[in-house]
Amino acid sequence: MSPEPLSRAPIARRTVLKASLLAGGGFALDALIPLPASALAAARGEPAARAQLSAFVSVAADGTVTIVSKNPEIGQGIKTSLPMIVADELDCDWSQVRITQADLDQARYGEQYAGGSTATTRDWLPMRQTGAAARAMLLAAAAQRWRVSATELTTSRGRIFHRASGRSLGYGAVASAAAAVPPPDLAQVPLKDPSEFTIIGQRVVGTDSARIVRGAPIFGMDTRLPGMLYAVYEVAPAYGGRLVKADVEAARRAPGVRHVIPIVGNGDYDSGLADGVAILASHWWLANEARAQLAVEWNLSAARGHSSSVYRANADAAIAHGPQADLRVDGDAAGQLATAAKRIGARYDYPFIAHAPLEPQNCAARFSDGKLEIWAPTQTPQRGLAALEKALGIAPASVTLHLTRSGGGFGRRLMNDYLIQAAAIARAVPGVPVQLIWSREDDMRRDYYRPGGWHSFEAGVSERGELVAFTDHFVTFGDGKTTARAAGYNTAMPPAGLVPHLRYSQSMMPTVVNTGALRAPGSNALAFASQSFLDEVAYAAGTDLPRLMLSLLGEPREVAAPGGGVPFDTGRARAVIARVLEVSDWAQQPAGSRRAKGFAFYFSHRGYFAEVVEASVAGSDITVHKVWVAGDIGSHIVNPMGAENQVRGAVIDGLAQALAGQAIEFVDGAAQQSNFHDFPLARMPLAPEIEIAWVRSAKPPTGLGEPALPPVIPALTNAIFAATGTRVRSLPIRLHSA
Amino acid sequence: MGYRLEVNGTVHEVQVPGEMPLLWVLRDELGLVGTKYGCGKGYCGACTVHLDGATVRSCLLKVASVGTAKIHTIEHIGTSAAGERLQRAWLEIDVMQCGYCQAGQIMSACALLARSASPSDAEINAAMSGNICRCGCYNRIRSAIRIAAGLKEEADHVA
């Protein structure tokens, strides 16, 4: 079978790049300027081992295409999906492709981070252009060789065809010549019609999967450097603790221990260098064992009173007192509530929870001759550089940062505290490579937790069963002016913009505990509270939540988000709701008592997700039988193999948050949970069948790491209500035996 | 203290305290880093290895207690028929997300297939309950075990 050459718009125009940035992308155009060495080699007619066509693409003489993956891989599949986009426009065969991980170099690669499900949104077009530009350079080189116009050439699976003369050649044959071709203007380079995609949309196995099943050393934890010592970093038992004095002599004499180093931090929340004592040893276990020999006096006064019981009492008082500030006021909610035919109210709350990626925080570092080299599993390497400079005064130009695969992220590795610690320790032992590894207990007690929160809702329903007024008083953490990290509200949260009279308001209390973004930050908690309460509203109005949502959404239109946020497309919301009702056969409730379906919808991270959970309750035991997910993340699912895994993972993550008993409690600023026995994660029996239906809208594709998570929790709590008549208004779910 | 360990068919002499868990001997002494640290308390199963074919949590097993038992790790599991089938099944449906737990998952699955060639779903759930996958790849882990066992696999489980 001969490959079908691809016909495409010819490349008629080539312009040399200017040193400018692509609008909206922050994507470095100089990425496409050939490296001097390969260009020089090509000019001299020497075959380059691997001709560099751009920062992202090189082609070897045998046709092997090497594509650089720029972003941190944390399990979201980006090391596979972004290269797929490049390879598709390059029009090579996926079997020709090798993928390498970039070090941190944003001047060369553009943004390099993993957060907010942003990469597909941001990189879809630039990655297509990068692949198309490399193809154009190869075409130009072939045209030169054959002395024909590039417009007469077509490509397929890594070969270039000249139909008129019946000639063809592989990309490798013209790779070094192509490296000398002036790169085209990215904005002008012709792109495939989506109907011509050959790789995007295929089920592609992950880049590192074959290495993973063989136990190859690819994670941060697996970094090994000659002469490396292993380190632990003992910090105060409570947040905000300061080092008073440390007697380190006994630890210094412990087996295998080489150095014990007290470090005074900067007390800065963002750069995260907490006071502590580093122990360096020949083996990590010996370093960790020596902690018992430390005698450290901490000043823990800052954390006094920062206990979960106090936070709860503060929240009760705040709700009784009324909000400190309004966040959004539409119409006259108070007036409408006063005259509504039905008025209902309820309080909801959820706890602090930990990220608990399975690979504990770790980082290898070597400080020699004023230069710092780092191997880190981090989601935000560039922020790590900035934090290094702030905390340790090490200039970014002196730092080389290698991105390792991360054993999970979930938002934890947006914070680089462990990276700063490793650098501080390495600097104290110049020339000696150091690998800092946190114990699971360190990881559980030193998280930037998803903050707990409290909501007091009220809703007014008219005689005709319409939602006419909606209010939420949100009690959260902050210094009185600004909310703590990831503790803010979303004033665009439905039903905002869909109901005429609405008031979102807020109160804050201080906390010394570090808070931060957890997968679908904000949304993972707000969806539970708001969609569960709206289910209560639907019952009060004599309908069900899907019908209530559809009536609120109304005609397809874009609802603007306050402050220029991503607008909300009610048509896309309607479509995923309709789809999930169809695939779950919503109208048909399951047979048997205390078994029912529940529904919820949420929009976050540009993704529209409606989900149905079928659950049953026996005594206090809850079984989830099946979950149906309908999602719209735009026109294409880049890699369905990875995408479906992301959705299932998000569903199981949400179910674990609700069902497994996850909550971090504090006593005087000290986390009381320490490992998986008291902060349980999902295990295999919890995983239900999960059916996924994609709704394709004509919008550019967006990210998937997060938006499938938020609806599953309220879909579950709404199913529990339907099955039992018991409202779950507090997480984690704890039912009492009936 | 000196200990003789047979790991993946090779005998190693190691000089470490007898209290040191096997996990850290594998990782920091022998450079076999495929076996992972997750919790250090036997809750997560990331450190699972085989001792004479049976699964053990290497984070809890003192090196002094290993004795003459033969140790096998993820680096070597592909040389056994069941291990090779599991690795192939894992790749056929691309089980993993972050992948950090998968060495332990495959070691547990391999021991399961050794004692039950065609495990039921209940058997799979029971055998794999000690292995946490934080990313939630459980549906595909179950499917991959069925595939490796030669059981008919329904497409919607795999998807």
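**Figure 1. Packing of helix 2 of chain B.** The buried residues of helix 2 of chain B pack against helix 3 (102-115) and helix 5 (138-148) of chain B. These buried residues are Gly83(B), Arg85(B), Leu86(B), Gln87(B), Ala89(B) and Trp90(B). The model is predicted: local features need pLDDT of at least 70, side-chain atom pairs count only at pLDDT 80 or more, and totals for chains, interfaces and linings use all residues. Residues are numbered from 1 along each chain as its sequence is written, while chains are lettered from A and ligands numbered from 1 in the order in which they are written. A residue is termed buried if 20 or more other C-beta atoms lie within 10 Å of its own, exposed if 12 or fewer, and partly exposed in between, with C-beta atoms placed from the backbone. Helices (H or I, at least four residues) and strands (E, at least two) are DSSP runs numbered from the N terminus.

**Figure 2. Span and end of helix 2 of chain B.** Helix 2 comprises 12 residues, 81-92, and reaches 16 Å from its first C-alpha to its last. This span is close to the expected 16 Å at 1.5 Å a residue, the expectation being 1.5 Å times one less than the number of residues. Asp94(B), which follows helix 2 of chain B, has a positive phi near 40°.

Figure 3. The domain assignment, automatic or from a database, gives domain 1 (2-72) and domain 2 (78-158) of chain B. To the contact, domain 1 of chain B contributes 14 residues and domain 2 of chain B 11 residues. On the domain 1 side, strand 3 (48-51) and strand 4 (54-57) of chain B are the elements that give two or more residues. Strand 3 of chain B gives the most to this side, with three residues. By class, the domain 1 side has five nonpolar, eight polar and one charged residues; Ala, Val, Leu, Ile, Met, Phe, Trp, Tyr, Cys and Pro count as nonpolar, Asp, Glu, Lys and Arg as charged, and the others, Gly among them, as polar.

**Figure 4. Elements and burial in chain B.** Chain B has six helices and five strands, in the sequence pattern β-β-α-β-β-β-α-α-α-α-α. Of its 159 residues, 60% count as buried. Among contacts in chain B between residues at least 6 apart in sequence, 58% join residues at least 24 apart.

How values were computed. Two residues are in contact if their C-beta atoms, placed from the backbone, lie within 7 Å.
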